[in-house]
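Subject: A structure for you to explore

Hi there,

Here is the structure I promised to pass on. Have a look around it first, and then read my notes below.

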Amino acid sequence: MSEVKIGKKLIITLTSGMYEDSRFVFREYIQNSADQIDQAIKGKLLTPEQANIIIDIDKANRSIRFFDNATGIESSKVKKILGDVADSEKSGIDTKGFIGIGRLGGLAYCDKLQFSTSYIGENTKTIMTWDAKKLHDLINDPSVDDDAAHVIQQVFDIHTEIAEADDHFFEVEMFSVHKSNNALLEIESVREYLSMVAPVPYDCAFYFGNKIKSYMSDHNYPKLSEYCIIINGEQLFKAYRKNIYRVVGMNKEVCDEIHDIGFKEIKLSNGDVAAWLWFGISKFETQINKLGNIQRGLRLRCKNIQIGDDSTLISKKFFKEDRGTHYFVGEIHVVHPDIKPNS
């Protein structure tokens, strides 16, 4: 029996092919950092107050940097953890990632992708550099008949530098971001996107945040995973506000407001809670316009990371009409361990 060949074009699917919005790479790298921060806190390497995820977007030089001060990766394990594809040791039960392909996302949008890391107790900084431009050339060259694994092996190298023994961090850098992906360099657009997607705290301006947390505590739901994420020097918070706006011409005016919130449970046939949700209570006179209301729609979240967008729950299974979700503001939080996002 001949061996099965995994074609090189699969790499396209594993990088850009699964997502419509290139900004997903921010979510993926944040998700990886969050998992490592959880490990660092569990191992008492950090306190929650010390942990942070830093994102720097350099539009002038077309580069993006992600940095976390979590565990880092042991030098001897860098090649396996960062080089192997879809072979993650994460279970997806206690972690946000579990497949092992998210880190490849940056390859679709820049010419060079670089991972740098140091593990506490090692005086070594390990640097893995991916030549994304060469990868694209090999994939698009019809004369190259190599399989996916062989192509990948040709486009990265690893070297080490001396570091302090007490250093512990993980860094991702995207260099020469493609002009066709300028959205990745628009700081305010990225900040807006992540304010609804990332696992960050509710802003103090949204005073229903405390009511949401009290409800969770009363029902013994797991605490929301929340992280300090700093984008170009400014901490990120969820974008929820009480006001609902209508934009007319150049004017933005309040047309409704969330005056309270309600809660519901979603249960499986055996009675187990699959998810719980909070939703804003307003006049519900008309659907909320997208313009001026980034928060509109019921949002699906798993481990406090948004899955999809404001239109993911457009379905007659949930509402009589597709537009039903856009009368609401709120979040559905999946809590059952057997429910896992597949992309």
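Let's begin with Ile-55, whose bridge partner in strand E7 is Ile-231. Strands E1 and E7 (residues 229-231) run parallel and share three bridges. Strands here are DSSP runs of E with at least two residues, helices are runs of H or I with at least four, and both are numbered from the N terminus; two strands pair if DSSP finds at least two bridges between them.

A word on the source: this is a predicted model, where local features need pLDDT of at least 70 and side-chain atom pairs count only at pLDDT 80 or more, while totals for chains, interfaces and linings use all residues. Residues are numbered from 1 along each chain as its sequence is written, and side-chain values use heavy atoms, leaving out hydrogens and water.

Back to E1 (residues 53-58): Ile-53, Ile-55 and Ile-57 form its covered face, whereas Ile-54, Asp-56 and Asp-58 lie on the uncovered one. E1 also pairs with strand E2 (residues 63-68), this time antiparallel, over six bridges. There, Asp-56 is partnered with Arg-65 of E2. Four residues separate the two strands in this hairpin, where Arg-62 has a positive phi near 55 degrees.

Elsewhere, five strands make an open sheet with mixed pairing, in the order E11-E12-E15-E13-E14. Its edge strands, E11 (260-267) and E14 (305-307), each pair on one side only. Within this sheet, E13 (residues 297-302) and E15 (residues 329-334) run parallel, joined by six bridges, and Leu-300 stands opposite Ile-332 in E15.

Enjoy exploring!

Key:
Buried < 20%, exposed > 50% of the residue type's maximum accessible area, 1.4 Å probe, protein only.
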